[in-house]
Amino acid sequence: MSATTATATQFKRAAAAKAADLHHRGVIQKAISTYDAAVARGKTRFADWENARAHAAAIKWETINHLDRYLEQFERNVLANGGHVFWAETAEDARQHVLALARRHGVQKVVKSKSMTTEEIHLNDALETAGIKTIETDLGEYICQMRGEPPYHIVTPVMHLTKADIAQTFYEKLGTPLTDNAEELTMIARARLRHEFMAADMGITGANFAIADTGMVALTENEGNARLSFSLPRIHVAIAGIEKLIPRVEDLALFWPVLSTSGTGQALTAYSSLIGGPRQPGEADGPQEFHVILLDNGRTRLLADAEQRDALHCIRCGACLNACPIYKNVGGYTYATTYQGPIGSVITPHLRDAHDWSHLSYASSLCGACTEACPVRIDLHHHLLHNRRNSVRRRFDQPIQRLVFQAWLWAMQSPTRFAVAGKFARFAIRLGWANSLAKPWTDGRELPEPPDQSFHEWWGEHG
Amino acid sequence: MRVALFIPCFVDQLFPNAAIAMVTVLRRLNVDVDYPTEQTCCGQPAFNTGYWDEARTLAKRHCEIFADADAIVSPSGSCTAMVRNFYPELLGGGGARTELGRSVPACVNKTYEFAEFLVKKLGVTDVGAKFPARVTYHDACHALRELRLKDEPRQLLRNVQGLELVEMDQAETCCGFGGTFSVKFPMISYAMDDVKVTSIKKTGAQYVVSGDSSCLMQIDGYLRRQNLPIKTISLAEVLASQ
């Protein structure tokens with residue numbers, strides 16, 4: 001890891017602050033333990049959860065390894081349904097396309113349902129800069145937007161806030177009376193959002209799944225806001241990363257429950273929608289135009305890497321974040337990435353600059369809890385090892401570290417040199433020198449009492 | 001059966017009692033043990049830091065040293081996992097872990113973690129030990145998730161005379177060591193240590209037991225700095241006690 005990148009310095013500073021913040025730890029531990037209990041219950045609804053994971057992984061493997069074919073099939077079917085497809089190679093392409101659509105249709109107000117892909121391309125800023133009022137309608141995202149903060153977690157945007165924090169935000173930003181009654185807060189948001197839905201010209205959503213054989217977009221949510229976002233405004237734009245493809249509509253029978261179980265512990269989310277195109281003749285509602293933006297933005301670089309392309313299996317359930325002891329201690333903002341936690345550490349160096357984000361792959365104890373949690377069996381901690389190896393290959397490592405490992409290798413190639421180095425280390429501990437050598441490990445810990453004999457020496461006498 | 005001892009470098013130098021205890025237990029079970037004295041390190045520190053070329057040099061060396069062993073036993077889930085789960089990829093020159101298995105060196109699939117060897121290979125769950133104390137077991141991540149060892153150490157502990165096993169709520173949560181991780185990201189590592197120790201304290205245990213001495217070093221270092229009376233001890237030492 002190169003400590004010289006500004007991103008690495010920022011990460012370390014933020015991580016140190018959050019790791020020492022016991023209030024933060026308490027809030028996150030409480031939120032995630034509630035989640036853990038729900039997910040554990042949820043998994044028991046499956047006849048065989050491990051089999052479901054294996055099956056989901058196999059379908060994703062097939063899709064990602066033939067993504068060209070599935071994407072073209074999806075496009076053909078969207079067009080056949082009367083929709084439009086735009087292939088966005090970069091975030092800028094995607095933003096410009098949305099802005100062009102908005103201009104062409106005289107859009108003044110946009111309602112959005114929760115979408116990490118739109119976070120990734122910083123769509124809200126682009127719309128607001130162009131003078132288009134943009135309103136997040138997912139309650140968590142609505143709160144984030146009021147606070148001017150990005151989502152803290154890919155599924156649970158305000159996991160780090162207590163009810164009191166949210167009440168304070170409503171009080172400050174909306175001028176509503178201070179109440180930490182969750183139902184009252186929800187009703188305040190609901191009343192305000194209803195007006196926005198009615199007045200919006202364009203609805204923007206993400207896509208939990210893009211279905212190749214029907215050209216449909218599947219959305220998963222709990223508040224009904226996504227349903228209003230895509231059905232009330234004149235124009236619906238769905239923005240999907242190209243990895244969101246699944247081959248067949250019947251695959252949802254597996255993926256919907258797998259996603260909701262891993263995401264929140266629910267058997268299914270409260271609302272599951274399939275969008276098959278714009279309003280058809282004789283239909284009473286639905287948008288006049290339906291646009292899908294298929295976003296690359298670095299994904300094809302990951303796709304080209306046969307060793308790591310299974311990271312594109314991700315269905316953005318957030319389970320790896322909740323399982324990660326690093327995430328639980330440093331929280332979502334420390335990563336400074338769109339996608340936090342283990343999956344973010346795996347994919348960000350591929351999607352963005354490999355050097356700038358290489359530190360994330362080192363910010364893991366490689367405990368493997370993420371891999372165990374992943375419902376599509378992405379070998380997450382193994383990919384962190386690949387990223388580390390790639391960083392060293394590309395010489396992002398610090399020269400001093402490289403030297404240390406070369407010296408270490410020289411010592412370890414000879415049992416005599418190893419024994420001498422070991423003896424010196426034990427001697428150094430006994431004399432207290434090692435406290436500075438082993439810093440910062442020793443800043444808050446005692447080194448072990450060094451034994452008089454190594455096992456090797458003991459064996460010489462007792463073997 | 002003749003068994004070769006694979007003693008990780010830091011166990012050799014800092015925690016020889018864990019290795020000695022393993023020898024004691026194996027000999028008690030009439031297992032013939034041998035210690036190939038050329039061994040040093042399996043290469044894991046370099047591998048985990050991204051220095052795969054350096055790690056590969058040591059992996060090849062390790063496999064040559066253990067080439068003729070019938071079975072290889074190690075008092076570490078982490079180093080066992082390095083050999084068994086990561087050597088195939090490291091020595092096979094790439095490819096996903098799942099695609100390998102061909103042409104791996106002989107030592108790879110003959111390497112066992114100590115508790116695993118006792119329970120799965122020897123079929124022994126009662127080694128005739130006595131350790132009258134209240135203990136809690138820390139699942140080392142690699143033993144738990146790379147080698148899938150959850151019940152084996154507990155089966156062994158349940159048969160220790162006088163021992164009371166109390167589970168902590170965060171048994172499967174990482175202690176925060178992670179090798180160079182604990183030095184590169186010290187504040188995160190301390191927070192993880194603190195979560196672990198808080199969970200240990202709640203059990204009222206006198207001892208924290210684990211199969212991996214590196215985790216115990218991390219936990220013990222923090223316990224001692226906090227002046228807490230809880231001790232750490234390797235599973236092998238508990239099983240050697242009589």
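The description refers to a predicted model. Both strands belong to an open sheet of four strands in chain A, arranged in the order 8-5-6-9 with mixed pairing; its edges are formed by strand 8 (245-246) and strand 9 (271-275) of chain A, each of which pairs on one side only.

Helix 12 of chain A lies across strand 5 (209-211), strand 6, strand 8 and strand 9 of chain A, and runs at about 30 degrees to strand 6 of chain A. Helix 12 (residues 252-264) of chain A is also approached by helix 2 (residues 22-43) of chain A, the two axes coming within 7 Å and crossing at roughly 150 degrees. Because of this crossing angle, helix 2 of chain A is roughly antiparallel to helix 12 of chain A. The residues that meet are Ala38(A), Val39(A), Gly42(A) and Lys43(A) from helix 2 of chain A, and Thr261(A), Ser262(A) and Thr264(A) from helix 12 of chain A; by class, this contact comprises two nonpolar, four polar and one charged residues.

In chain B, four strands form an open sheet in the order 2-1-3-4, with parallel pairing. Strand 3 (residues 71-74) of chain B pairs with strand 4 of chain B in the parallel sense over three bridges, and Ser74(B) stands opposite Glu113(B) of strand 4. Helix 6 (residues 114-121) of chain B lies across strand 3 and strand 4 of chain B, at about 100 degrees to strand 4 of chain B.

The contact between the two chains takes 52 residues from chain A and 52 residues from chain B. On the side of chain A that touches chain B, the elements giving two or more residues are helix 1 (6-19), helix 15 (325-330), helix 19 (380-393), helix 20 (399-412), helix 21 (415-430) and helix 23 (455-462) of chain A. Helix 19 of chain A gives the most to this side, with six residues, and by class the side of chain A that touches chain B has 29 nonpolar, 13 polar and 10 charged residues.

For helix 23 of chain A, the buried residues are Phe455(A), His456(A) and Trp459(A), which cover an arc of only 100 degrees around the axis and therefore lie on the same side of helix 23 of chain A. The face turned away from this buried side carries the exposed residues Gly460(A) and Glu461(A). The buried residues of helix 23 of chain A pack against helix 21 of chain A together with helix 1 (9-14) and helix 2 (16-28) of chain B.

Trp459(A) is also among the contacts of Tyr35(B), which, when neighbours within four places in sequence are left aside, is in contact with Trp459(A), Gly463(A) and Leu5(B). Tyr35(B) is found in the loop between strand 2 and helix 3 (44-49) of chain B, and is classed as buried because 20 other C-beta atoms lie within 10 Å. The C-alpha atoms of Tyr35(B) and Lys130(B), which are 95 residues apart along the chain, are separated by 27 Å.

Methods: Residues are numbered from 1 along each chain as its sequence is written. Chains are lettered from A and ligands numbered from 1 in the order in which they are written. This is a predicted model: local features need pLDDT of at least 70, side-chain atom pairs count only at pLDDT 80 or more; totals for chains, interfaces and linings use all residues. Axes are lines fitted to C-alpha atoms, for helices over the stretch in contact, and angles run from 0 to 180 degrees between N-to-C directions. Angles under 35 degrees count as roughly parallel, over 145 as roughly antiparallel, 65 to 115 as roughly perpendicular and the rest as oblique. Two residues are in contact if their C-beta atoms, placed from the backbone, lie within 7 Å. Ala, Val, Leu, Ile, Met, Phe, Trp, Tyr, Cys and Pro count as nonpolar, Asp, Glu, Lys and Arg as charged, and the others, Gly among them, as polar. A residue is buried if 20 or more other C-beta atoms lie within 10 Å of its own, exposed if 12 or fewer, and partly exposed in between; C-beta atoms are placed from the backbone. The arc is that of the directions from the helix axis to the C-beta atoms. Two strands pair if DSSP finds at least two bridges between them.
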